[in-house]
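Please look over the structure shown here. A short report on its layout and packing is wanted.

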Amino acid sequence: MKKIVLALVVIAIIFVGVQFYFPDILYSSTWGQRIMLRLEGDQVAEFYFEGDKETKDTVYMKGVIYSGTLDDIKEVLQDNPELTTLVMVDVPGSIDDEVNLAASKEIRKQGVDTYIPKDGMVASGGTDMFLAGEKRKIHQTAKLGVHSWGGGEMAALDYPRDHKEHKKYLEYYAVMGIPLDFYWYTLEAAPAEDIHWMTEGEIEKYEVVTSATSKLLQNQKKLASDAFGGRATGNNLLAQELITSYFTEIGLGKFDDDYKQPFTFIDEETKKQRTGTNIVGFVEGTNHTEQYIVMSAHYDHLGVVNDTIYNGADDNASGTAALMELAGYFSKNPPEHSIIFAAFDAEELGLHGSTHFVDHSPIPLQNIILNINMDMISRNSNNEIYVVGTFQYPEYKSMVDKVSHDSKLNVSFGHDDPTDSTRAFWMNSSDNGPFFKKMIPNITFSEEDHPDYHKPSDDFENIDPKFYKNVVQLILEFTKEIDQNFPKAQ
Ligand SMILES: [Zn+2]
């Protein structure tokens, strides 16, 4: 209590002084100012343990990182080899960046996790230290701040990107496995004398916290990177390798001893025969082993057209990464029904992969109780996702209603009634089509077209991580609902 009063007095004094000399800075941001002022007046970082637990696995940290922090951290780590978690309660910044980065590397070396608790506040150099956590979590009410740096007359953005002043930070983020975009983003987010509080979407996007959903975004980003060349059929080996190695890692079952299911088709434009490759794995059900849900997403896109890469981040790296995510979930949490995870090829050329699948199904078609298809699910300016197919299969409507009740999305129905002239008919527009033709019930998750649809600008930078995460959550809940309360045919 006493400490707080003291800190307030210090703030008040500096406040008056600053107001006199720099009135315009003073009003730039309440929070930013408080941090700047407190760095001068606040206590230096201290580490402490709470309670009288035998195992000292959690250490708490409060205060500004300073020249002594490296030695303090080394001591804490050395004295407590059982330490797993650093809780950063209130770390508003650092007054010695060299020490901060060195201390942070020590944290990572020992594989300690970082956590910002309820109402916690970490900013600036404190944020850099937070990123040293092997696993990183932030409480919903906690704040994480970033800003640019400056010294003398120069601000960070005044230096060219390849200038040595940027190097130590870039090297640090590389060591921590944080996307380097994060660094450039912090420089733009707020000037040195201000602070930007990261939004939930930004925290997701820059992989600031580690979680299953970060893996989702990582996979989407990889699939949509230039290195993957736009994933055109016949030229998407890297995407195939990413999906198969993930299926292997999570231990999905294989049909015919291989995830890869090659097929041939006639290209509608050239009339020539071409080859595509579906990637298919499954998780066996614990109860209704012979009944299958087929989850699907096409992983192919347009590739390189006129020397321009069409990355297809939304179409359909989003559905593909979601498919991988859901496969990972169900491999750890076995469903009652068996679930097939199918990454289809050659969708963009005419639904060829899914057509091949239903024509050469590894299981009898009558054993497929439902196809859940995902195509373009990572952005919509109205926060709206369409669930397509309930007009044809009304028995699923109430199940969607049930799980969308708690969803943060606008869940809409439609695009599935051929007599509705106000909306395009999507029952044959994606990989659900071949299932529909074979009279296999199917539900597709997809959003309305956006300005970057089938454009080179359908890039990872333009997706909405929060929306995407919510859609994947909705699909997961829907699939669990189907699995546990499958509507019995009358
Ligand atoms: Zn698509």
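## Overall layout

This is a predicted model. The protein holds 16 helices and 20 strands. Its C-alpha trace spans about 75 × 55 × 40 Å along the principal axes.

Of the 490 residues in the protein, 43% are buried. Among contacts with a separation of 6 or more, 75% join residues 24 or more positions apart.

## Two domains

The chain is divided into two parts: domain 1 covers 43–210 and domain 2 covers 213–484. Their centres, taken over C-alpha atoms, are separated by 37 Å. Domain 1 gives 7 residues to the contact, and domain 2 gives 8 residues.

What is the make-up of the side of domain 1 that touches domain 2? The residues there divide into 4 charged, 2 polar and 1 nonpolar.

## Helices α4 and α5

Helix α4 takes in residues 69–79, and helix α5 takes in residues 97–109. Their axes come within 8 Å and cross at roughly 10 degrees. Angles under 35 degrees count as roughly parallel, and α4 and α5 are therefore roughly parallel to each other.

On the α4 side, the contact is made by T69, L70, I73, K74 and L77. From α5 come V99, N100, A102, A103, E106 and I107. By class, the contact of α4 with α5 has 7 nonpolar residues, along with 2 polar and 2 charged.

## Helices α11 and α12

The second pair is helix α11, residues 237–250, and helix α12, residues 313–332. Here the axes lie 10 Å apart, and the packing angle is about 10 degrees. How do α11 and α12 run relative to each other, roughly parallel or roughly antiparallel? The angle is about 10 degrees, so α11 and α12 are roughly parallel to each other.

Which residues of α11 and α12 meet? In α11 they are I243, Y246, F247 and I250. In α12 they are M324, A327, G328 and S331. The contact of α11 with α12 has 6 nonpolar and 2 polar residues, and no charged residues.

## Recap

The two domains have centres 37 Å apart. The side of domain 1 that touches domain 2 includes 4 charged residues. The contact of α4 with α5 includes 2 charged residues, whereas the contact of α11 with α12 has none.

Conventions:
Residues are numbered from 1 along each chain as its sequence is written. This is a predicted model: local features need pLDDT of at least 70, side-chain atom pairs count only at pLDDT 80 or more; totals for chains, interfaces and linings use all residues. Domain bounds come from an automatic or database domain assignment. Two residues are in contact if their C-beta atoms, placed from the backbone, lie within 7 Å. Ala, Val, Leu, Ile, Met, Phe, Trp, Tyr, Cys and Pro count as nonpolar, Asp, Glu, Lys and Arg as charged, and the others, Gly among them, as polar. Axes are lines fitted to C-alpha atoms, for helices over the stretch in contact, and angles run from 0 to 180 degrees between N-to-C directions. Helices (H or I, at least four residues) and strands (E, at least two) are DSSP runs, numbered from the N terminus. Angles under 35 degrees count as roughly parallel, over 145 as roughly antiparallel, 65 to 115 as roughly perpendicular and the rest as oblique. A residue is buried if 20 or more other C-beta atoms lie within 10 Å of its own, exposed if 12 or fewer, and partly exposed in between; C-beta atoms are placed from the backbone.
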